[in-house]
Amino acid sequence: MEKILQFPKGFLWGAATSAHQVEGGNTNDWSEWEKKHAERFAGEAKNHWESWQQERFPEMFDPANYISGHATDHYNRYEEDFDIAKSLGHNAHRFSIEWSRIEPEEGKFDEKEIAHYRQVLQALKKRSLEPFVTIWHWPLPLWLSEKGGWEAPGATMYFERYAAKLAAVFKDEVRFWITINESQIYALHGYTTGEWPPGKTNVFLYFLIVHKLINAHKKAYQAIKAIAPEANVGIATHNIYFEAHKNTFINRMLKKAVDWWWNDYFLNKISRHQDFVGLNNYLHNRIDYGFNKNENMKVSDMGWELYPEALFHTLMGLKKYKVPVYVMESGLADADDSRREWFIKALLEQVYRANKSGVDVRGFLYWSLLDNFEWDKGFWPRFGLVAIDYETLERKIRPSARAYAEICRSNSLIQKE
Ligand code: FCB
């Protein structure tokens, strides 16, 4: 039996990227961090990954894997990449603007880079791809990291000024602004585990930074709305489906606590300063008198459990905010493309189900359009609808991208029962 799942009229379909992961040629706190830690990351890979992963992805032992360098050269090849997105039936695209390019020196905005991103926006418009623009997807300009990054007393003000500048110059081109990508993940890895810049391991700083980011979002929201009242402004939040296994009292209490802090705290604080919720979802975390007791029946190349129902549950958790929801990221690392088509379809069934259950989901952006630089993991995880040959920079559309294209074009999904 086949059933056609029809998505709402005007649903936005596409994929997402972020500047540092695809552009190439960036100089920011992250590129500095890469240079300092590449050798160490390569050396430690054997402790981090299972033997099947080490065998399949020997690049992880090469320090060059951890240097973003020219990445996919999307900075120069965006036209070609948007042609591909268009040919794949997309009608929306998420990307980020690189702060260190726009404001390479404190308070000095680079007109050439502004002109570059204007061309990027025009290239999207020409192809009828609705832009979702992320203002900050993690790397900081060097001048700001030298002052202490988000710990610097003026950090919130600097961010507000940068966001206001973008709103002023692109107010006619951009309808959807994402101020901050995954504040929770950024603060966690940068300030507790120390795996990411600035490499700190201090819980007090972690709480401080989360609160700074809350404030930074609110200020940026107000600044953008003052300049472009019609704009839609929100964040992209990394929410996790915490499941209380067997529904026991202890598991339920643990779930309540982590839902409160991880999934809802930031959104509650900004609830009067958001026009939509952007959801990034990858993870399921089964709680069974402890965390991460997942079954892991299917996993991605990175070992993340492929559990599509997590998307349904995280979407349901956003209903209470009473604003439209866009899936801003969901996807998997799958170098041989053996699971991607199945996973995309399974995710979209969950989006459909959430819509039917009253969540106003209006778009889905797969992570990612292109293979790219996966932060401290480097280049070996392959998230792209489009494969990149990092030697030649040749683009190759993966078969799963064509299956996704059918869905985008028809605004519907055929469900086999
Ligand atoms: C998200 C990030 C994105 C990418 C995916 C795999 O947490 O926002 O940049 O790294 O994970």
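**View 1. Pro-198 sits in the loop between helix H9 (183-191) and helix H10.** Helices (H or I, at least four residues) and strands (E, at least two) are DSSP runs, numbered from the N terminus. The peptide bond from Pro-197 to Pro-198 is cis. Its omega is near 10°. This is a predicted model: local features need pLDDT of at least 70, side-chain atom pairs count only at pLDDT 80 or more, and totals for chains, interfaces and linings use all residues. Residues are numbered from 1 along each chain as its sequence is written, and side-chain values use heavy atoms, with hydrogens and water left out.

**View 2. The loop between strand E11 (361-367) and strand E12 (386-388) holds Ser-368.** Look at the link from Trp-367 to Ser-368: this peptide bond is cis. Omega is near 15° here.

**View 3. Lys-322 has a positive phi.** The value is near 55°, in a residue other than glycine. Lys-322 belongs to the loop between helix H12 (309-316) and strand E10 (325-329).

**View 4. Helix H8 (residues 155-170) packs with helix H10 (residues 203-227).** Two packed helices are described by the angle between their axes and the distance between the axes. Axes are lines fitted to C-alpha atoms, for helices over the stretch in contact, and angles run from 0 to 180 degrees between N-to-C directions. For H8 and H10, the angle is about 30° and the axes are 8 Å apart. The two helices are therefore roughly parallel to each other. Angles under 35 degrees count as roughly parallel, over 145 as roughly antiparallel, 65 to 115 as roughly perpendicular and the rest as oblique. H8 passes H10 in a right-handed crossing. A crossing is right-handed if the near helix is turned clockwise from the far one by less than a right angle, and left-handed if anticlockwise. Residues of H8 in the contact (heavy atoms within 4.5 Å) include Phe-159, Ala-163 and Ala-167. Among those of H10 are Asn-215, Lys-219 and Ile-224. By class, this contact of H8 with H10 has 11 nonpolar, two polar and three charged residues. Ala, Val, Leu, Ile, Met, Phe, Trp, Tyr, Cys and Pro count as nonpolar, Asp, Glu, Lys and Arg as charged, and the others, Gly among them, as polar.

**View 5. Helix H6 (residues 111-126) crosses H8 at roughly 55°.** Their axes come within 11 Å. H6 and H8 are therefore oblique to each other. The crossing is right-handed. On H6, the contact uses Glu-111, Ile-114, Tyr-117, Arg-118 and Leu-121. On H8, Lys-165, Val-169 and Phe-170 meet them. The contact of H6 with H8 has five nonpolar, no polar and three charged residues.

**View 6. H10 also meets helix H11 (residues 249-269), with axes that come within 9 Å.** The two cross at roughly 40°. That makes H10 oblique to H11. This crossing is right-handed. Residues of H10 in the contact include Tyr-206, Phe-207 and Lys-218. Trp-261, Trp-262, Tyr-265, Phe-266 and Lys-269 take part from H11. The contact of H10 with H11 has nine nonpolar, one polar and two charged residues.

**View 7. There are 13 residues around the ligand.** A residue is near a molecule if one of its heavy atoms lies within 4 Å of it. Gln-21, His-137, Asn-181, Glu-182 and Glu-374 come nearest. A ligand oxygen atom is 2.6 Å from an N or O atom in the side chain of Glu-374. For the side chain of Asn-181, the distance from a ligand oxygen atom to an N or O atom is 2.9 Å. For the side chain of Trp-375, it is 3.0 Å, again from an oxygen atom of the ligand to an N or O atom.

Notes
A polar contact is a pair of N or O atoms within 3.5 Å; within protein, one must be able to donate a hydrogen and the other to accept it, and residues adjacent in sequence count only if both atoms are side-chain atoms.
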